[in-house]
Amino acid sequence: MADPRFFDNRGPFSLAEICTLTGADLGSADGAAMIADVATLDGAGPLHLAFCAGKSAAKSFAQSGAGFCFIPKDFADPPPAGLVTLRCGSVPHAFAAAARHFYPQSDMAAWTQAVAIDPSAKLGEGVTLAPGVVIGPGAEIGEGTRVGPNTVIARGVAIGRACDISSGVTISHALIGDNCVVFPGALIGQPGFGFASSGRGHVNIPQLGRVILQDKVEIGAGCTIDRGALGDTVIGEGSKLDNQVHLGHNCHIGRHCLIAAQAGFAGSSTVGDFFACGGQIGVADHAHIGAHVRLAGRTGVMPGDLPGGQDYGGVPARPIGQWRREMAAVALLAKRRKRDKDG
């Protein structure tokens, strides 16, 4: 469900209208039934429309409290009690069309205010605003926070107390805790990279989630933190991001993590507490990294689970000792080949 601080829901809509819009099969369901919102399988209620793209979501589908759900035409799992299934040719395309119907202005913030600081914004005692700051409607900034030149705080954003937000920062669709630091040029809350693809091209899937920064988080210069697709992108308390780090939609970073420059985390990847990594690492979508993991620079983590409490290196990531032995063996083979050639 989208947060009304940031998104305007144009619903409810009838089930028949949604099926006509998306091409989904209404079957014997009551077309007059009303749908209030779109949601994830895990977070949906009886008035919500969710989607199940296939077997990878079968467990969430079986346990969902959703009232309605798009499923593939060949999906055979029985739905839980009370869930109306809507079979369609392409679940991502159907859900993208439905989400856009509920939230037609989700892709871009509408800046219509005539003044730099919207009258409905709430600024705590001792807030300092440098020249060129723009603050949108309903935004909140806690006491003692400082905002640098030419920074944009969009509609509904909440920033806690004693934060330092540097120059040239853009923050939207975000809730930020106390004592956070955001360095120049960071972009927080932009839409994630989500598309429904086919032979005719790529269709944007509306990104209706948020970014949550817990207390004492630091975001380096030039970082990009995408908001969630439906849920949240979360950075845990005390975590520190170096410059030019990218987090895709729905990433979850644990508490007190250290992430070096140019690291990239694909959508829906998760990292446990006290994670640390060198620069230029890459984490694939839906990878799950345990707590107290350390990654050598340029390590690549594939989808799946990486157990906690260990050091890893290489592509794909493997225990650091194994990776070093493999690198040493490759170097030795290269020396032998050169010696044999020269001999």
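**View 1. Phe51 counts as partly exposed, because its relative accessibility is 31%.** Buried means under 20% relative accessible area, exposed over 50%, and partly exposed in between (1.4 Å probe, protein chains only). Phe95 is buried, at a relative accessible area of 4%. This is a predicted model, in which local features need pLDDT of at least 70 and side-chain atom pairs count only at pLDDT 80 or more, while totals for chains, interfaces and linings use all residues. Residues are numbered from 1 along each chain as its sequence is written, and side-chain values use heavy atoms, with hydrogens and water left out.

**View 2. Six aromatic pairs are found in a search of the whole structure.** Rings of Phe, Tyr and Trp (its six-membered ring) pair if their centres lie within 6.5 Å; planes under 30 degrees apart count as stacked, over 60 as edge-to-face and the rest as tilted. The pair of Phe51 and Phe95 is tilted, because the ring centres are 4.5 Å apart and the planes stand at 45°. Phe51 lies in strand S4 (residues 48-51) and Phe95 in helix H3, so this pair ties together parts 44 residues apart in sequence. Helices (H or I, at least four residues) and strands (E, at least two) are DSSP runs, numbered from the N terminus.

**View 3. Phe265 and Phe275 form an edge-to-face aromatic pair.** Their distance is 6.3 Å centre to centre, with 75° between the planes. Phe265 is in strand S29 (residues 264-265), and Phe275 is in the loop between strand S30 (270-271) and strand S31 (276-277). Both Phe265 and Phe275 are buried.

**View 4. The largest nonpolar core has 73 residues.** A nonpolar core is a set of buried Ala, Val, Leu, Ile, Met, Phe, Trp, Tyr and Cys residues joined through side-chain atoms within 4.5 Å. Phe70, Ile171, Ile219, Phe265, Phe275 and Leu295 touch the most other members. Helix H3 gives the most to this core, with six residues.

**View 5. The largest pocket has a volume of about 1100 Å³.** On a 1 Å grid over the protein atoms alone, a pocket is an open set of points where a 1.4 Å probe fits, with protein on both sides within 12 Å along at least five of seven lines; lining residues have an atom within 4 Å of a point. The volume is the space filled by probe spheres set on the points. Of the 35 lining residues, Phe51, Ala229, Asn250, Ser268 and His286 are the closest to the centre. Helix H3 (residues 91-102) gives the most to this lining, with three residues.
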